[in-house]
Amino acid sequence: MQKFTFLLLVISSQLLAQQNFTLNGFVRDAQNGEELIGVSVYIPSLKAGTVTNAYGFYALSLPRGTYEVQFSYIGYKTQTLTLDLNENVARNITLQSEALVIEAITITDKPLDENVIAVQMSKNTLNMSQVRKLPALFGEVDIIKNIQMLPGVISAGEGTSGFFVRGGSADQNLILIDEAPVYDPSHLFGLFSVFNADVIKDSELYKGGIPARFGGRLSSILDVRTKDGNNRETDITGGIGTLASRIAIEGPLRKEKSSFIVSARRSYVDVFLKAADQDNLVYFYDVNAKINWRHNNKNRFFLALYGGRDVFSFSDDFGFQWGNLTSTFRWNHLFNDRLFSNVSVIASNFDYKLELKDPVQGFKWISDLQELSVKTDLSYAANAHNELTFGYHLTGRRFAPGRVAPNTSGSIFDVVEIQHMYALDHAFYISNRQWVGDKLTLDYGARLSIFQNVGKSQVYLYTDPTDNVNIERTDTLHYKTLETIKAYINLEPRLSMRYLLAPGQSLKASYNRMVQNTHLMSAATVPVPFNTWSPSSYYLKPQIADQVAAGYFRNFNDNMYEFSVEAFYKDIRNVTDFADNAEIFFNDDISTEYRQGRSWSYGSEWMVNKTKGKLTGMVSYTLSKVMRDIPGVNLGKPFRANHDRRNVVNAQAVYEVNQKWTFGANFTYSTGRPITLPAGKYEYGPYNPDVITDRNGYLLPAFHRLDLSVTLNPRKNLSRKWQGQWVFAIYNVYNRQNPFTIYTRTKQDKDGNVIGDGTEKEARLIYLFPILPSVTYNFKF
Amino acid sequence: MRNWIYVVLLAPAVWSCEKTVLLDLKQAPPKVVIEAQVTDRPGRQFVKITRTAGFYDSGETPRITDALVEVEDDLGTVFPFVHNPNDHPDSAGIYLPAAPFTGVIGRTYYLTVVADGQTFEAQDKLLNVIPIDSIKYRVNPEEAKDPKDKGKIYELLIFAREPQEEINFYLFKFYRNDSLVYYNDSDIYGSDDELLGEKIDGVPSPVFYKLGDWAKVEFYSLSRQGYVFYNDLWGLLNNDAGGMFGPIPASPRTNLTNGALGFFQVSALKDFEILLE
C-alpha cells in the first residue's frame, strides 16, 4: 500500500493549494503540421516546465499570473508566448523549422540544454536529418545502424540489425514501431532493418532509467514513431538506391483536420540475379500507412499499419520467408484541461515459413507469434511541480513454435505440430515527475507486472527436468483454455533524478528494475528470423534486471558542445541461456534445454556532441564488461558473454560546406567478439573434430571501419516543386577485412581438395564487406 | 532438417570472403579418446583408443596400446578385448575381441577401459533396425549438370518402412566399391523418426555413383544417446565457431564417463548392396 501513498499526497497537496489554472495544447511543425515530440516548454520565472509527450501534447498547471513561456526544440526556432493566466487556456503552438529561417532572421537563441535539464538520463534521440547526411551501407539509410553507433550500444556485428545495450543480449531490446512491438527488425538477415527512414519522425532509445510506462524487456526500449502525414499539402518523396527504392505519399484528407501517409520500399537484388540468369529470388519489402484524424482539440485518432516481408527462394526447390505485420489504433482524449489520455489497441504478428520443394523430402514449416494488447495511458498535470502518469496495459500472446507438414503426397514427412503456448500479461504503472526547488527534479514510480502462462496446454513432468539426453517424462499435466499454468508477479520500481549543479551542468542518477517474460529460444549470438519465442512458463522463470546508473552532463559554448559521462551496473537474474549442444528447433522437450543463470555487466560511456555550426557530429567511447554464470554451461564456470566488447569508439561527423555540398563520415572501432576456438583435435571414425574447452575463451581481431559520404543538393529552382538530392557514399574506405567469424576445417586447397593425408586442420577467417561505393538519388515534390 | 536450416543461415555469406589464418591457441592437456562399437554382425566389434593432439599437429593422433578393455552384457558375460591381435601395422590402438562374439538385439552392453591409470565406462543398448526393402538408382539431374566427381551422377533411391509405434534413431553409411564415402568430409548421415511418416519411398542418397560401381548402404540402429552424440558431433564438425547465427561449439554429449571423448556405440546393422549397370 505504501507505494501508492505518494499519489494521495500529490492529490491532497493540490487540493489545499491556491487555485491553479492550466495551460495546455499541442506543439506542431509550422510547415507540415506534424506534432513535435519532446518540445521543451519552460517558464523562466518559475524555473519550471515540461516537455510535450509522444503526441505533441503539453499541459501545465500554474497559479494565476502573467507568464512568459518558451517553446524550444532542436532544429526549430524558439517561440516565446506571454500570457495572463486567469482562466484555463488551451494554446496550440506552431514552431518554424530553422531550415526556413536561415540568414534572414536572427534566431532568438534560448539555450537548447535539454540534455542537461531533462530528468531522463541514458536516453538518446536520433536526429533524422543528421542521420540522412551520414554514409550508409549500400546507401540505405538505416536507423538501427545509427543506434549501433551510440554510447552504451554495441553492434552485434557487421551486416546485422542486432544490437546490445549495456550488457544485455539482443532479445532484451523492446523495439516498437508506433507502439507495436517488432519481433524481428531485420531484412536480408539483418543487413537492413525494417524501418524505412523516409517515414520516421522520431526514434528514441532508452538504455537506463526506463520510464514506468515501458516494460517487458530487460535492457532497452527503442521507440520509433512514424510521421503523421502532412496535413497542409500533398508531398511525394522517394529515393532510388543501389539495393532498394522507396516512395512515400503524404497529404491532407481534409486540410488541417486529417492526413495520411503511405510509403513503400522494395529491394531489387533479385532483379540482378535474374539478369545473371539465376533462378533465385531474394527480396524484401515494407509498407507503412497511417491515417491521422483530428476530430477536435479534445479527440484525435490514428490508425497506423506496418507490413514487411523477406522472401528467399532458391531455384524452385527451397523457399524461405519471414515478416512482421503490426497495427496500432490510438485515441487521444483530453478529459479536461489537466488529464490527457491515450488508449491504444495494438496487434502484432511475426511469422516465418520454410519450404523444401521435393517429391520425397518435401515439407513446409510454419511458425508464428501473435500479440494483441490494449493500453490505457493517462497523464495528469497536478500542479506546476507535479506531473503524474499512470496506466494499465493488457497483452495476450499466442506462440506457435512450429508445424511441419508434407507438401506433396509422396513426402516421407508426417504432419507434426509443437503445441501452442499462451500468455496474458497485465501491467499497472504509476509515476510522478516532481520539480523540487530550482535544482532538483525527480521521477519516481513503479510498474506492477502480473504475468500468466495459460492453457490450453500440456506440461510434461520429467524424472530430471534438466536431462536433455535421456528424457524421461513421468507425467503430463493438462490445462484447459485460459487456465493458469503458472503466474509470476513482479514489482518494478523506477527512479530517476536530476540535480542542476550550475547553468549547463547537471548530475543525474537512476535505478530501474525490468522484468522480461518473453524469452528468445536461440543459442546463437544474434537473433535470426527462425527464432521462436516462449513465454515464462512452468519451467522458465521471468528474467529480472536491476540497473543503477549515474551521470554528469555539461554543455559548453552556449550549448554548442554537449558532454556527458555515464556509469552503470546491471545485474540480471534468471537470464535465459541454453545447454551446450541444445536442440532449439522443433523440440517438444525444449524445457530440458533451458539453463537460467546470472549475468552482470558494468561500464562507462563518454560522449561529446557538437550540435551547431558547419561541422556537427559526435564522438563516443564505451568501456564495459559483460559476464555470465550459468549452471550447466561451460562446466559451471563464469564466461564472457557473446556480447562482451571491452572498448568501443564511435565517431560521426557532418560538414556542411554550403547549401549545395555536405560531407559525412562514420568511424567505428571495437574490441573483437568473444569466440570459442579449439584447444586441440582428435580422431573419431573418419572425422577430426576439435577439442572444445573454454566457452568464449578467445577474441576475434578488433573491428574497425571508416565510411564517407557526399551529399549534393543541386541549386534549387525556387519556382519548381521538384527537389532532388544525390548521395554518394563509400563504405569501408580503407578496405579493412573485418572478421565476421573463424571456423575450422580439414586443410584443403582453393578447389576444396584435401592437402596431405587429411589429418591436418586449418582455421579460416570469414570477413564480410570490402570497400563498397553506392549512389542514391532522393527526391521530393 | 537441421542441415537445411544451416544452409539458409549461410545465405548472408553471399557477400563474404575468407582466408586462412594462423591461430595462437592454448593447448589443452591430452585427453583419452575412445571409439567403440558392438553390433549384431560377426566381426564388427572393435574399440579404438587414442589421445587428443594439438590443433595444428599433422599425422595420426597418439595411440594408446596398453589399455585394458572389456565388454560385458547384461547377463554378466564378459568379452575381453586384446590390442591388435594380428599385429597389423595400421591397427595400432585398435582392440578386438579375444574370442569372437556378436551382439544380441535387446541386450545392454557395458564397456570398461582402463588407460593412463584411469577407468572409463559406458553403456548402450542394442536396438532393432528396420530392413531396407529395396534400392533403385537414377541420374540426379542437378549433379549431372555440375558433378563433384566426373561421371558420378547416379543417386540411390532407398525404400523402407518406418514403424510408427516405436521411437527409432538411425545412422546411415554409404559405400562405393567397399570404401566408406561421404559427399563432404564432415557429413554424418542420421535421422530420428519424429517427423517421418511410415512410407520411406525413394529417399535419395547424399552420395553419387557411376555405372559399374558396387553401392552398399548400411542402416545402424542408435539409442537416443547415440543419436544425440552423432547429432552433436555433426554440429561440432559443421560449426562456424559460434558465428553470428550458429550455436557455440561444444563437446558432443557422450555415454563415456570420466571426461573421455568419443562414444561407445551399440547397434543393430542391416545393409543392402547393388551393382549399378
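Helices (H or I, at least four residues) and strands (E, at least two) are DSSP runs, numbered from the N terminus. By that definition chain A has five helices and 49 strands. The model is a predicted one, in which local features need pLDDT of at least 70, side-chain atom pairs count only at pLDDT 80 or more, and totals for chains, interfaces and linings use all residues. Residues are numbered from 1 along each chain as its sequence is written, while chains are lettered from A and ligands numbered from 1 in the order in which they are written.

Consider the overall form of chain A. Its radius of gyration (taken over C-alpha atoms) is 27 Å. Along the principal axes, the C-alpha trace of chain A spans about 90 × 65 × 50 Å. A residue is buried if 20 or more other C-beta atoms, placed from the backbone, lie within 10 Å of its own; 48% of the 781 residues of chain A count as such.

Two residues are in contact if their C-beta atoms, placed from the backbone, lie within 7 Å. Among contacts in chain A between residues at least 6 apart in sequence, 65% join residues at least 24 apart.

Chain A is assigned domain 1 (2-110) and domain 2 (226-758 + 760-780), with bounds that come from an automatic or database domain assignment. The centres of the two domains, taken over C-alpha atoms, are separated by 34 Å. Across their contact, 26 residues of domain 1 of chain A meet 27 residues of domain 2 of chain A. On the domain 1 side, strand 4 of chain A gives the most, with five residues. By class, that side has 12 nonpolar, 10 polar and four charged residues. Here Ala, Val, Leu, Ile, Met, Phe, Trp, Tyr, Cys and Pro count as nonpolar, Asp, Glu, Lys and Arg as charged, and the others, Gly among them, as polar.

The contact between the chains takes 67 residues from chain A and 71 residues from chain B. On the side of chain B that touches chain A, helix 3 of chain B gives the most, with eight residues. The residues of that side divide into 36 nonpolar, 20 polar and 15 charged.

Strands also pair between the chains, where pairing requires that DSSP finds at least two bridges between them. Strand 48 (residues 761-767) of chain A and strand 1 of chain B pair in the antiparallel sense over five bridges. A:Tyr767 stands opposite B:Cys17 in strand 1 of chain B.

How values were computed:
Rg over C-alpha atoms; globule rule 2.2 N^0.38 Å. Buried ≥ 20, exposed ≤ 12 C-beta atoms within 10 Å, placed from the backbone.
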